[in-house]
Amino acid sequence: RHARSARCAAPRPPPTAPKETEDVIRSTTSWLAAAVMAATLAALPLGNAIAQNKGEVKIALIASKTGPLEAYAKQTITGFNLGLEYATNGTMTVAGKKLVVIEKDDQGKPDVGKTLLAQAYADDKVDIAVGPTASPVALAMLPVAEEYKKILLVEPAVADSITGDKWNKYIFRTGRNSSQDAISNAVALDAAGTSIVTLAQDNAFGKDGVKAFKDALKKAKIVHEEYLPAATTDFTAAGQRIIDKLKDLPGKKVVWIVWAGGNPFKIADMDLKRYGIEIATGGNILPAMVAYKQFPGMEGGAYYYFGIPKNKVNEWLVARHYKEFKAPPDFFTAGGMAAGIAVVEALKKTGGDTATPKLIAAMEGMSFETPKGTMTFRKEDHQAMQDMYHFRIKVDPAFAWGVPELVREIKASEMDVPIRNKR
């Protein structure tokens with residue numbers, strides 16, 4: 001049903017020789033010479049690529065299908081294919097061209113992601129690439145898109161630098177960035193007399209997240225930044241440092257967590273409540289939000305929770321996902337769907353033309369409907385402007401996870417998301 005791989009594509013038409021070959025044949029008196037010339041031209045890589053892609057659009061979907069972010073990647077892939085299905089009304093075609101998705105596993109490794117993207121552009125002759133899951137992988141991939149002059153639609157890697165100082169004009173992003181995360185969390189936490197310690201992974205995701213959060217705070221004060229390796233499982237020493245920094249301070253005391261994968265909420269086992277220290281974080285995938293049941297009343301900023309947005313795209317996604325998977329769509333499913341819809345809408349605007357300059361012209365400033373509502377690619381840095389959600393955790397026995405109840409929708413128009421590139 002989904003365009004999951006090149007093997008699912010409709011049979012390709014036999015390669016046809018370029019027009020130059022026809023001209024040569026017409027002007028050559030020797031049948032043998034014409035046949036040799038035609039065979040030679042048809043064998044050229046460019047001629048082959050044109051012939052192969054004539055009736056299809058090839059899309060590379062690169063994600064961390066193995067490694068610590070495997071759950072995120074699987075959701076993105078599911079959502080992306082559902083996005084293509086939704087936006088094409090189930091035909092998996094745009095302007096008469098079949099959509100072919102080629103999945104690749106970067107294993108969460110920057111060097112692997114970089115190599116896979118180059119292979120996708122050079123060997124698979126993809127027209128567009130989508131992904132990856134992790135910010136360090138995305139940063140390694142950005143120069144490859146520039147080298148091959150092909151679109152890389154980033155979903156769901158978050159680091160600000162992707163659409164900031166490392167950006168190039170071939171990069172678009174449907175996923176939220178660090179600043180959008182930070183601003184929505186600052187709405188929930190920024191108050192006079194509040195002291196905050198940040199706990200983050202020691203990578204681009206964590207560091208860009210903390211930097212953006214600091215920039216977004218106007219009243220609260222950050223008193224310490226704690227960075228740990230991304231694969232950390234023992235948070236005891238870090239937890240003690242956090243307690244020492246906060247325990248004797250007056251007013252509200254908060255640990256704000258920026259983490260992908262793993263379970264940093266283990267620090268709660270150190271009885272932070274004894275010192276009046278609260279835990280705060282943003283939204284997450286449902287399995288991770290099981291830990292949120294420990295923190296009723298916790299507030300933060302969320303990118304997506306299936307029960308929050310009220311629009312026809314989200315209604316379709318929730319119903320379709322329940323029908324196939326007997327479970328609600330998750331955090332990264334919505335992001336994957338947004339990316340799939342963006343690809344289709346861009347191709348509709350170009351009439352199926354995959355020439356990079358035409359795609360860039362179509363996508364800059366383009367608005368499109370997603371499970372979160374309307375997104376718009378900002379012309380300056382190609383970041384998708386989008387709504388975020390201020391939530392408060394409620395414990396409901398009917399759900400295995402802490403339920404993020406909507407406090408307020410934070411509209412894209414009210415978020416002053418910095419433009420960090422040097423365009």
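## Aromatic cluster

F331 and F332 are both buried. This is a predicted model. The two rings form a tilted aromatic pair, with 4.9 Å between centres and 55° between planes. Ring pairs join F331 and F332 with Y72 and Y303 in a cluster. Y303 also has a charged neighbour: R176 lies over the face of its ring, 5.6 Å from the ring centre.

In total, the structure holds 13 aromatic pairs. One of them is Y121 with Y148, a tilted pair at 5.6 Å centre to centre and 35° between the planes. Y121 belongs to helix α5 (residues 110-122) and Y148 to helix α6 (residues 135-148), so the contact ties together parts 27 residues apart in sequence.

Y121 has a relative accessible area of 5% and is buried. Y148, at 31%, is partly exposed.

## The open sheet

Four strands form an open sheet in the order β8-β7-β9-β10, with parallel pairing. β8 (221-228) and β10 (277-281) are the edge strands; each has a single partner, so one side of each lacks a neighbour in the sheet. Neighbouring strands are turned by 25° against each other on average, direction ignored.

β9 (residues 252-258) pairs with β10 in the parallel sense over 5 bridges. I257 stands opposite T281 of β10.

## Helices across the sheet

Helix α8 (residues 204-216) lies across β7 (194-201), β8 and β9. Its direction is at about 160° to β7. Helix α9 (residues 236-246) lies across β7, β8, β9 and β10. Helix α9 runs at about 170° to β8.

Note on methods: Residues numbered from 1 in each chain as written. Predicted model: local features only at pLDDT ≥ 70, side-chain atom pairs only at ≥ 80, totals over all residues. Heavy atoms only, no water. Pairing = 2+ DSSP bridges. Helix = DSSP H or I, 4+ residues; strand = E, 2+ residues; numbered from the N terminus. Axes fitted to C-alpha atoms, helices over the stretch in contact; angles between N-to-C directions. Contact = heavy atoms within 4.5 Å. Phe/Tyr/Trp six-rings, centres within 6.5 Å; stacked < 30°, edge-to-face > 60°. Buried < 20%, exposed > 50% of the residue type's maximum accessible area, 1.4 Å probe, protein only. Lys NZ or Arg CZ within 6 Å of the ring centre and 35° of its normal.
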